[in-house]
Structures are given as structure tokens and as C-alpha cells.
Amino acid sequence: MIHDNFTRHAYCGAPKGIQMRVAKLCTLSCLILAASCSSQPSNVYDVPVDVAFERLISRDLHDFRIARQCGILIHFKKQALTNQRVKWSVTSSGKQVASFTVLLTPYSDDQTQIDIEIPQAPDGGEIYDGTKFYPRPALHQPLRDGVEELVSARLEQREFDVMRIPPSEENRVCRIQRGALESGHNFKVDDYERNDDVADDWGSQ
């Protein structure tokens, strides 16, 4: 306390020029510190790869399904392809309707970089990217943002928070059919009349 008071009094009693230089040095130090903290990419987490892998595969996706499914009943199948690659397939009535893969790469000894792979849609872009229309949607869009929140929640050991995911205008059909599901009526992925010959062949990619 004596040292703190002495330092404070010494600063206050110093010439204004010195005070200004000290203030500028403090500001510069804060800026350097902030820059060093923000230099880490947003997809890098402060856990080793083996820990990140265990956190990802140790829990099911029940919370994600409850928060993100639409009007058709969906199921998740997990495949730990390697200890640095995990894939989830999404099925409904025995048909694959979506999938996503999480890649884990060592960023340092105690950090892991996460990359997410989403299949390409036949008409370009990713499936469920926030711009796609599906007569029987399986998941809220955008899928990538939902998966990013899922991964962050698992690696940070917190609850999945749907409020962190930006909304999409293409979720209107999803919301309507989800309301029917919550009322006791579920749709099937193929219970509508197709009026074209467009095949849903993205799942083979």
C-alpha cells in the first residue's frame, strides 16, 4: 500500500510532459496486449487435440437435435474416422438427409484448430446454408453456424446455446413443420409429391 501510494503520488507530482509519456506508454501496452489476445483465430481452442476429440465424441447430440430439428424425425450416426476427424450422418426414415464432419488439427501442443466440412448442394453452395428451400427440411439453417456452436459448446464444456446462432429467412417452412411435430404430427422426408426429376444426390459426395 505504501509503495502504491508513493507511486501514485510520484506520478501526480511529475511534470505534465512525463505524465503524458507515461499515459501513452500505458495505452500502447494495452493495445499490444489486446492485439496479442485477438491474434488467435476464432476456430482455435485452448485444449490439446486428444482432449478436444474426447469432448466431441463423449456426448450424444440430443440437445442439438431438440434445438435444430424441423418437422421430420431425425437421427444422428457418429463415425470417429480417426482421432482427428469425426463425421455425423443425419438420417430420417432410413434416408440420409444431411451430414457434417469436424476436423481437428494441432495448432500447438495445447491448442486445437477446428475446421468443419459441409456437403455441397447440387445447385451450388453448401446444403442448409441459409439460402436453400426444402419441402421437408431436416434442420434449421444455416447448418454450418449450428455445428460451429455445437463444437464450441462441447470444447468449452458449456450448454449448447441456440441464441448464439444467427437466424435465416429460409427457416419459415422449418418452423411451421416443427410446430406440427410439437403438436404430435411428424412429417416424413418423402411424403410429398415430387414434381420434378431432381435427385437428392449430395449425400454421395
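A cavity is a set of points, on a 1 Å grid over the protein atoms alone, where a 1.4 Å probe fits but cannot get out, and its lining residues have an atom within 4 Å of a point. The views below come from a predicted model, in which local features need pLDDT of at least 70, side-chain atom pairs count only at pLDDT 80 or more, and totals for chains, interfaces and linings use all residues. Residues are numbered from 1 along each chain as its sequence is written, and side-chain values use heavy atoms, with hydrogens and water left out.

View 1. A search of the whole structure finds one cavity of 30 Å³ or more. The largest cavity holds about 40 Å³ of space, where a volume is the space filled by probe spheres set on the grid points, and points are joined across faces, edges and corners. Look for its lining residues: Lys132, Phe133, Tyr134, Pro137, Leu139, Gln141, Glu170, Asn171, Val173 and Cys174. By class, six are nonpolar, two polar and two charged. Here Ala, Val, Leu, Ile, Met, Phe, Trp, Tyr, Cys and Pro count as nonpolar, Asp, Glu, Lys and Arg as charged, and the others, Gly among them, as polar.

**View 2. The disulfide of Cys70 and Cys174.** A disulfide is a covalent bond between the sulfur atoms of two cysteines; here the term is used for a pair of cysteine sulfur atoms within 2.5 Å. The structure holds one, joining Cys70 to Cys174 with an S to S distance of 2.0 Å. The pair links distant parts of the chain, 104 residues apart: Cys70 is in the loop between helix H4 (62–68) and strand S2 (75–82), and Cys174 is in helix H6 (residues 172–182). Helices (H or I, at least four residues) and strands (E, at least two) are DSSP runs, numbered from the N terminus. The link is left-handed, with -95 degrees about the S-S bond. Cys70 is buried, at 0% relative accessibility, and Cys174 is buried too, at 1%. Buried means under 20% relative accessible area, exposed over 50%, and partly exposed in between (1.4 Å probe, protein chains only).

View 3. Most residues other than glycine have a negative phi, and most peptide bonds are trans. Yet the peptide bond from Gln141 to Pro142 is cis, with omega near -5 degrees. Pro142 sits in the loop between strand S5 (111–117) and helix H5 (143–155). Ser93 has a positive phi, near 55 degrees, in the loop between strand S3 (85–92) and strand S4 (95–108). Gln157, in the loop between H5 and H6, also has a positive phi, near 55 degrees.

Conventions:
1 Å grid on protein atoms, 1.4 Å probe; cavity = no way out; pocket = protein on both sides within 12 Å on 5 of 7 lines; lining within 4 Å.
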